[in-house]
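I set out to look up selected side-chain contacts and then the meeting of the domains. My entries follow in the order in which I made them.

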Amino acid sequence: MLPETLSIKVTPTAHSRIGEVDFDNLPFGRIFSDHMLVMDYKDGEWQQPEIMAFGNLSLHPATSAIHYGQSIFEGMKANKTEDGEILIFRPEMNAHRFKESCERMCMPTIPEEVFIELVRKTVEVDKDWVPSKDGDSLYIRPFMFATDDFIGIKPSETYKFVIFTCPVGAYYSEPVNVKIEEFYTRASEGGVGRAKTAGNYGAALFPAKQGQLKGFHQLVWTDSKEHKYIEESGTMNIVFVINGVLVTPSEDTDTILRGVTKRSVIEIAQSWGIPVEERKVSVEEVVNAIKDGSMTDAFGAGTAATIAPIVKIGFRDEVLNLPLEGREISTKIKNYLDDLKAGKVEDTHGWCLHV
Ligand code: COI
């Protein structure tokens, strides 16, 4: 629980917007719930968090995050069960990753149990915004940025931590086409690839746009030194099924984001006796496995993307097709995960936090 000094002040909005929302047609990331949590850091400590009406933040033009990039975020989801209970999926993993991002970006950490309680309370206040339609969720976006009004390169002494939530539908509304990127780089060893920091996403926009102009939704990033090994896909981690084995790039590099969905996929597969290999995955292996038919499935795994089937992989001048049929493993894992998050199967792993 929160230390006494961090009790959460709640100032409810006077004008709920929930009546304006079409819960039958939810886009991703465009509708925002009634409230947000704001907690400032100054004088070396976190101040009292407040849940208030969702609205604009006022910023000094010299706000250091805008200039020097100390800005990190998380993404997680809450779902409603048939009994109307609210479940948040594995928030402790996001709390831990957020702490790691703070450390890498020289930002003050938030104790993991405090982070979880702030998320829980924010969701509780807007519990009516959690969609009940299958496949829809409440997306939770905690983020932190540096707020010193100062021109100069040094870690800021003040920060703002905010959590807002959005009722969302699918991030990808169709199976995904990806292109293996052999020139641009998302992350290099010693860099910030493992941190969920805003600059990683900004830097990927230009290369991703080149891919989008050729009809691909996303890139598949490769290692920065040789562009020989697969890393991740920016909006999601990437998983293949080759000869019945679930194969995914290992995380023993600091260039890949430690995905909560990917980790869950691996743990579920292992608990079902499906062989899993977390190791270096070469571009050559992937291309050959598609061509010789030993790859039967490829999918992205991410909080926003969930389990996103990959049906085309572009490599140099070729486009390699992976039929949607015969994806028993990813379909079974996806259905299980969906059921778990919606409280339809017993939570044997203890992954869901009851709000
Ligand atoms: C998430 O999956 O939560 C992300 O942050 C990725 C982004 C594409 C929405």
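I began with Glu-318, whose side chain makes a polar contact with the side chain of Lys-291 at 3.1 Å. I took a polar contact as a pair of N or O atoms within 3.5 Å; within protein, one must be able to donate a hydrogen and the other to accept it, and residues adjacent in sequence count only if both atoms are side-chain atoms.

I noted that the model is predicted, that local features need pLDDT of at least 70 and side-chain atom pairs pLDDT 80 or more, while totals for chains, interfaces and linings use all residues. Residues are numbered from 1 along each chain as its sequence is written, and side-chain values use heavy atoms, with hydrogens and water left out.

Glu-318 lies in strand 17 (residues 318-321); helices (H or I, at least four residues) and strands (E, at least two) are DSSP runs, numbered from the N terminus. Leaving aside neighbours within four places in sequence, I found Glu-318 in contact with Lys-291 and Ile-313, where contact means heavy atoms within 4.5 Å.

I next examined Lys-160, in strand 9 (residues 159-168). Lys-160 counts as buried because its relative accessibility is 17%. Its side chain is joined to that of Asp-40 by a polar contact of 2.8 Å. Beyond four places in sequence, the contacts of Lys-160 include Val-38, Leu-57, Phe-143 and Thr-147.

I then turned to the domains, whose bounds come from an automatic or database domain assignment: domain 1 (4-169) and domain 2 (176-341). Their C-alpha centres lie 27 Å apart. I found 21 residues of domain 1 in contact with 21 residues of domain 2. The two domains bury about 1800 Å² between them, 61% of it on carbon and sulfur atoms; buried area is the accessible area (1.4 Å probe) that two parts lose on being put together, summed over both. Phe-73, Phe-89 and Arg-97 supply 35% of the area that domain 1 buries against domain 2, more than any other three residues.

Between the domains I recorded one salt bridge, defined as a side-chain nitrogen of Lys or Arg within 4 Å of a carboxyl oxygen of Asp or Glu. The side chains of Arg-90 and Glu-267 meet in a salt bridge at 3.1 Å, N to O.

Conventions. Buried means under 20% relative accessible area, exposed over 50%, partly exposed in between (1.4 Å probe, protein chains only).
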